[in-house]
Amino acid sequence: MGKKFLRFEFLLLFAVFIIATCGLIYELVAGTLASYLLGDSVKQFSFIIGVYLFSMGIGSFFSKFFNKNLLNTFVEIEILVGLIGGLSSVVLFLLFESVGSFQFILYLFVFVTGFLVGLEIPLLMNILKDRVEFKDLVSNVFTFDYIGALLASILFPLVLVPKLGIMGTSLFFGMINVSIAIALCFLLKRELKKPSLLRAKAIFSFVLLLVFFIFSNDILAYSEGKLYGENIIYTNSTPYQRIVLTHNKSDYRLYLNNNLQFSSADEYRYHEALVHPAMSMAKSVENVLVLGGGDGLAVREILKYKDVKKVTLVDLDEGMTKLFKTNSVLTNFNQNSLNNPKVTVINTDAYIWAKNNKEKYDVAIIDFPDPSNYSLGKLYSLNFYQTIKTILKPNAAVVIQTTSPYFAPKSFWCINKTVMQVFPQVDAYHVYVPSFGEWGYTIAINGFRTTFNTVNRKADGLKFYNYQFDRFNYFTNDMISNQIEINRLDNQILVRYFDEEWGKLQ
Amino acid sequence: MIRLLGTKHLLGHRLWIKDFPKPTKQIQIPYLIVGGGISGLSAARQFHKKGISDFLIVELENHLGGNSSNGENKYSKYPLGAHYLPLPNFQDKELLQFLEEEKIILKYDEKGFPVFDELQLTFAPDERLFYKNNWQEGVVPKEGNLISDDLEFEKFFKKMDVFRTAKGEDQKYLFDIPLHLSSKDEKTRALDKITMKQWFTDNHFTSEPLYNYIDYCCKDDFGLGIEYVSAWAGIHYFAGRKQDSTPEKHDSVLTWPEGNSCLANHLKKYTKDKSLKNHLVYEVKVENNKVIAKAFDDVNKTSVEIIANKVIMASPQFVNQYLINDRKAFTKDFHYTPWLLATLVVNDLFDNFSFPLSWDNVIYDAKGLGYVYDQHQTVNQVQDKKVITYYYSFSSADLKKTRKELYKKDKEYWKQFVLNDLKVAHPDIEEYTEDVEVFLLGHGMISPAPGFIFGEAKKQAKQNIQNKIYFAHSDLSGISIFEEAFHQGINVVNEIVDGTTVDS
Ligand SMILES: Cc1cc2nc3c(=O)[nH]c(=O)nc-3n(C[C@H](O)[C@H](O)[C@H](O)COP(=O)(O)OP(=O)(O)OC[C@H]3O[C@@H](n4cnc5c(N)ncnc54)[C@H](O)[C@@H]3O)c2cc1C
């Protein structure tokens, strides 16, 4: 009898230990999620701990209304805590899009788990009170409770989040929680009423958690958009890239494959600097070519010049240009430029197109994604620029976005040097774009009949560029790099530079 | 879908029985070239250069090119044999000249180095190796070696560097291309008597990754592995190419989606209206101061008699022994390694992303030589489907037996064989494979087994017959590479026209 009783007590105390650990884990998960998604971690953690402790108190208070079937209730609560706590992160992840209700649901979860955990301890004391001396009981219960809490708070940041991720952690502990319930169902078969019903509930909950655990990566991928830290208003996956548009106060941001493409707050700096120097220097601007730039923002700037008769935009991704022709938020940004009758949009591979094209242009604006892989690297190769030269008129101007001279000076000057092999006049310049940092361009003239300081024409209403090119082509020492190789298809040295420089930052 | 194709070996086998119809047609032509591979085509070009235009080239397949031919599907062209040309040696002016004519060399820079067309040099990344469960850059095993391996690699490459630049007393490179330019140095030539494996052991090498790497290289160029190939040939692979035609000492290669078929196509322009395809030449003999060649037209099922002043046999010796009398005695020393190529159309090529897809993708310790990504030399951003060509050489001690087995197995067998070999690096490739085309080359390439390159058989086979029948084929060099076939073609025409000969 003595031995058997010991086992009984020990089992329940072990359950306390698990509940305490799990309870704290759920709380930490909630706190982390809240600070991830809502920011301001001090506030979030502080509120959540407060609410959690408070709800535990409420739980304790209500425990006195439970008088019958205490052991059954105990096991049932154990299952419930596992289920609710385990699933909390899944629900929160999925609900993040609707920020308003997110906070409400977050605190509801914290409250419910706190409440249930709060119920457990007094309940347990009630169960054990006739079997153990009160002094021992209290001290044992609380010892296990606090050891569990310590274990949780150490494991959480060091092991659990790095290994399992947030969602995985909460589901995993939900399963532990429920498995204790299952174990109790088996071991305390005789003490429990209707143990098989209880067991069925527990096993069902376990399986549910397990299914979510297995698919947690997919759920995460689905809700990935919610981690931008901004309010997602649009997402779309084209065959080439994933487009995400976010909104935060008055700022809209467009991400392509998770890379920031522009922020509506400061994109005018980037696009004015991209377009206007070349447009003002070129001999003529009747026929303008844009490669990449499917957002139509460069075209918007180009259309500010009355002499422009024709703009051809070549962008691989039809999904992208379609979006910027039809979505009203976006056409607002590009002032409906892609629907302008002067503009022809061609969705095809720019390199192949340029090789086969017969027409010649006065200005070429090249705005491709950064050379982060060998495919994109081809669009910055010597042969590519030689190809571009064949479709430019004499004294045409060409400008290329060439990543950041500050973060990636080797990459920046590599492109510049490559362009120098092809065009008679080449220069580089840079601007500060707050959302990007220091950003730069290479500019070239296909002849000698005009210079970088020539201003053949101006557009009205610019917010940033003042047609004083010589204010932008000075580089401080920390943006300079020497001993750079030329980027050719057969060495793709640029991709290596880029990887080395941006890799260092990540 | 799976298809099993190959060179017309069945038609070739009819040469044994010679049950061809009597000729019903006669053609008179001063110069006849038998065989439209690189040697034959190069001879045509050289005739043209010499101002000779009254020649005819006869080829048994329905296209010219021989082992430098290609296939094409909806997504890409792909090689059906040779697929690259290493950068030429700077001394090889004939080859430089040809590459310049065809705009593969665009110009010469201030220092006199040729400037190669960027689009025809292998794009980066050019090679990767699946070694110790990871893709790494280059085909030399690096990450995961023991220190002792690294030391042996270093020692090996140092030795090769020495061989590459070393010259004999005759002031000729010990190893050169074309091969007949190499030094007569006795000690070096003695290397042709032993196998590469023997040389490996004699030089106290023990490293397994090094052994595997050399084995791969030997198979890549000769079809024969380290166990069976002559040490002279094995070293020639590393030392024959001088890497001196670019200032950076590049060991890059020129390549095209269709492989060396691109080079064959350049040469084909010299045979316009001067070629007979689908014609199997089955008999060649000297009669009344003329050469009479008989050919079977495989389309019309008739035969034709061609009467020529001189004939160039640009066909391999294993064929020539059935066309011309008294050649069997020395031809028995010519051994040819069979090859298998498989071109796969795949929806994707998932692997563990440790190094991106390259032009040449080699799997360490695999059965085959890995695969070439056929669309690598395109400038597109994306490809709907990927097309790759897998290479396998039947390196063995008894090539005849191997060849018999090769034709016995069915296409399902070969498909599974190829997929299993690729699964090491791409575990789910089978799922993503849409189409497999297996191409068998029963007599793929001449095998420089010990004793062959500097042996008697080769010498005898090269002798012209009564200044009427001449021989030019890469098998007469002993190693099967574009440069050898190219020079065979040039030299034979020079011999005919100017009476000059080259010795070996
Ligand atoms: C799988 C494989 C891969 C290779 N890879 C490379 C490579 O990457 N780089 C490289 O440089 N080399 C490579 N080679 C070597 C390649 O064979 C040579 O580069 C070159 O193509 C050989 O040309 P050839 O004219 O000497 O011989 P072949 O190409 O054999 O030409 C002989 C021609 O004669 C024809 N013929 C034969 N008998 C008759 C007859 N009775 N009547 C009429 N016509 C006949 C044949 O059909 C053939 O077209 C490879 C070879 C193989 C098999």
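This is a predicted model: local features need pLDDT of at least 70, side-chain atom pairs count only at pLDDT 80 or more; totals for chains, interfaces and linings use all residues.

Tutor: Contact here means heavy atoms within 4.5 Å of one another, and that is the sense in which one residue is said to touch another below.

Val75(A) belongs to the largest nonpolar core, which has 70 residues, and it is one of the six members that touch the most other members, the others being Leu12(A), Phe74(A), Val141(A), Leu184(A) and Leu188(A). Two or more residues of this core come from each of these helices of chain A: H1 (2-38), H2 (41-62), H3 (70-95), H4 (99-128), H5 (134-187) and H6 (195-214). It is H1(A) that supplies the largest share, with 18 residues. Another core, of 57 residues, lies apart from this one, and among its members are Val275(A), Val299(A), Val308(A) and Tyr465(A).

The contact draws 22 residues from chain A and 19 residues from chain B, and together the chains bury about 1,600 Å², of which 55% is on carbon and sulfur atoms. Across this interface one salt bridge is found, in which Arg496(A) pairs with Glu137(B), with the closest N and O atoms 2.5 Å apart. Eight residue pairs are also found in polar contact across the interface of chain A and chain B, both residues having pLDDT 80 or more. On the side of chain A that touches chain B, helix H12 (350-356), helix H13 (374-377) and helix H14 (382-390) of chain A are the elements that give two or more residues, and by class that side has nine nonpolar, seven polar and six charged residues.

Asn212(B) lies in helix H7 of chain B, which covers residues 208-222, and Asn212(B) counts as buried because its relative accessibility is 16%, where the cut-off for buried is under 20%. When residues up to four places away in sequence are set aside, Asn212(B) touches Tyr364(B) and Asp365(B). The C-alpha atoms of Asn212(B) and Leu95(B) are separated by 32 Å, and these two residues are 117 residues apart along the chain.

Methods: Residues are numbered from 1 along each chain as its sequence is written. Chains are lettered from A and ligands numbered from 1 in the order in which they are written. Side-chain values use heavy atoms; hydrogens and water are left out. A nonpolar core is a set of buried Ala, Val, Leu, Ile, Met, Phe, Trp, Tyr and Cys residues joined through side-chain atoms within 4.5 Å. Buried means under 20% relative accessible area, exposed over 50%, partly exposed in between (1.4 Å probe, protein chains only). Helices (H or I, at least four residues) and strands (E, at least two) are DSSP runs, numbered from the N terminus. Buried area is the accessible area (1.4 Å probe) that two parts lose on being put together, summed over both. A salt bridge is a side-chain nitrogen of Lys or Arg within 4 Å of a carboxyl oxygen of Asp or Glu. A polar contact is a pair of N or O atoms within 3.5 Å; within protein, one must be able to donate a hydrogen and the other to accept it, and residues adjacent in sequence count only if both atoms are side-chain atoms. Ala, Val, Leu, Ile, Met, Phe, Trp, Tyr, Cys and Pro count as nonpolar, Asp, Glu, Lys and Arg as charged, and the others, Gly among them, as polar.
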